[in-house]
Amino acid sequence: MAGKKSVAIFICFALLLPYRHCANPHGVIFDELHSLPDRKLFDVMIRGSGDAREQPLTFIITTAGVDRNSICFEVHQKAADILEGRKHDPRFYPVIYGAADDDDWTDPEVWKKANPSLGVTVKFEAMQDAFLDAKDNPIIENNFRQLRLNQWVKQTFRAINMERWDECAYNFDMDQLKKRPCYAGLDLSTTTDITAFVLVFPPEYKEDKYIILPFFWIPEESLETSVRRDHVRYDQWWAQGFINTTKGDVIHYSYVEKVIVDLGKKYNIKEIAYDRWGSEYLIQNLTDAGFKVVRFGQGFKEMSPASKEFFQAIMEKRIAHAGNPVLRWMADNLRVDTDAAGNVKPDKEKATEKIDGIVATIMGLGRAALNEEKPKKPGRIMVYGEDGWL
């Protein structure tokens, strides 16, 4: 009977949540505080509730997060201050099992610090397997450190293991790509910056790879200025044929359009994915030219599944990029942003240099993975596109 009453109480409490300003609970349990989008619910339930109760009690249980400006980090810091003697509050009982910022996350002793039951309820072999998956993959590393070591990690971090990237420098015969189905990503950036158009040819059989064929443009008259400003040898890449120029001091989208149309005659371009903030004039012209163009949002919803598929393909050497130096430079520049749910996306604002070609690659690969029918491996990451989930 007591159990049924407890269930009823929790159901009633849940029903009160939409009207949370009127809640006056005996107890509050906050699980995974780091996942709250803001502090509003916390403040209402903690700061303004329970005043009519003799002994209101609050439990806060959470994994470390990624946002050090959040209510979760504020509570975490208070707990640390009390534990280390910087503050005193007898109403607050803190317990923290987690790795500190300067702890070596690869050290099994640090694992025990964050997991006191390691070897008992948490199998050491399982922890070691998770570590082996994480040590060469920055994204999995962040997940390992946050979720298994309870360590606060940065939202933005280097995304690509460049040793693995270089191992994907497989050469391919461009003539064999003619009329082979492919999907394109188009990142127009600004009129004075680099514009990127990347063709992604999906695997044709189980052991085949995604073939990446990038094209870049920069304004001709700003080439030398860009070299001095960015300290990057665009002029050398132009001389080697890895970057094209358009006449004038801004990107001429009409020239980019002509090149794309010509590429469409040579390759079987199924779709062109583009950032919805791009040039509507160019997009309309490409549509009129017979291309299927698909808007590809730059938020977590669309970029995260495609980005994870891209990173996983690099780790598994399922990408062939022929060692293009411009694309490699952009891969090394890539930083990604994460949210509380573990989603990731390229972060243009925090990237130290240009990443346009990688963004275009991710968009093209995302559409390729969504549309192509091919054997799936167990645990393959799902990809979201305009037509839904694959």
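Which residue forms a salt bridge with aspartate 89? The partner is lysine 78, with the closest N and O atoms 3.1 Å apart. A salt bridge here is a side-chain nitrogen of Lys or Arg within 4 Å of a carboxyl oxygen of Asp or Glu. The pair links distant parts of the chain, eleven residues apart. Aspartate 89 sits in the loop between helix H3 (71-83) and helix H4 (108-114), and lysine 78 sits in helix H3. Helices (H or I, at least four residues) and strands (E, at least two) are DSSP runs, numbered from the N terminus.

The model is predicted: local features need pLDDT of at least 70, side-chain atom pairs count only at pLDDT 80 or more, and totals for chains, interfaces and linings use all residues. Residues are numbered from 1 along each chain as its sequence is written, and side-chain values use heavy atoms, with hydrogens and water left out.

Aspartate 89 counts as buried because its relative accessibility is 13%; buried means under 20% relative accessible area, exposed over 50%, and partly exposed in between (1.4 Å probe, protein chains only). Lysine 78, at 27%, is partly exposed.

The whole structure holds 24 salt bridges. Among them, arginine 164 pairs with glutamate 167, the closest N and O atoms being 3.9 Å apart. Arginine 164 is buried at 17% relative accessibility. Glutamate 167 is partly exposed at 29%. Aspartate 235 and arginine 233 also meet through their side chains, at 3.0 Å from N to O. Both are partly exposed: aspartate 235 at 26% and arginine 233 at 46%. Elsewhere, salt bridges with shared partners join Asp81, Glu84, Arg86 and Lys87 into one network.

A nonpolar patch on the surface consists of Ile29, Leu57, Phe59 and Ile61. Together they have about 400 Å² of accessible area, from the Shrake-Rupley method with a 1.4 Å probe, only the protein chains shown counting as cover for residues. Such a patch takes residues with over 30% relative accessible area and no salt bridge, nonpolar side chains (Val, Leu, Ile, Met, Phe, Trp, Tyr) being joined within 5 Å. Strand S2 (residues 57-61) gives the most, with three residues. Isoleucine 29 lies in strand S1 (residues 27-31) and is exposed at 54% relative accessibility.

Two cavities reach 30 Å³ or more. A cavity is a set of points on a 1 Å grid over the protein atoms alone where a 1.4 Å probe fits but cannot get out; lining residues have an atom within 4 Å of a point.

Notes:
1 Å grid on protein atoms, 1.4 Å probe; cavity = no way out; pocket = protein on both sides within 12 Å on 5 of 7 lines; lining within 4 Å. Points joined across faces, edges and corners; volume = space filled by probe spheres on them. Patch = residues over 30% accessible without salt bridge, like charges linked within 9 Å, V, L, I, M, F, W, Y side chains within 5 Å.
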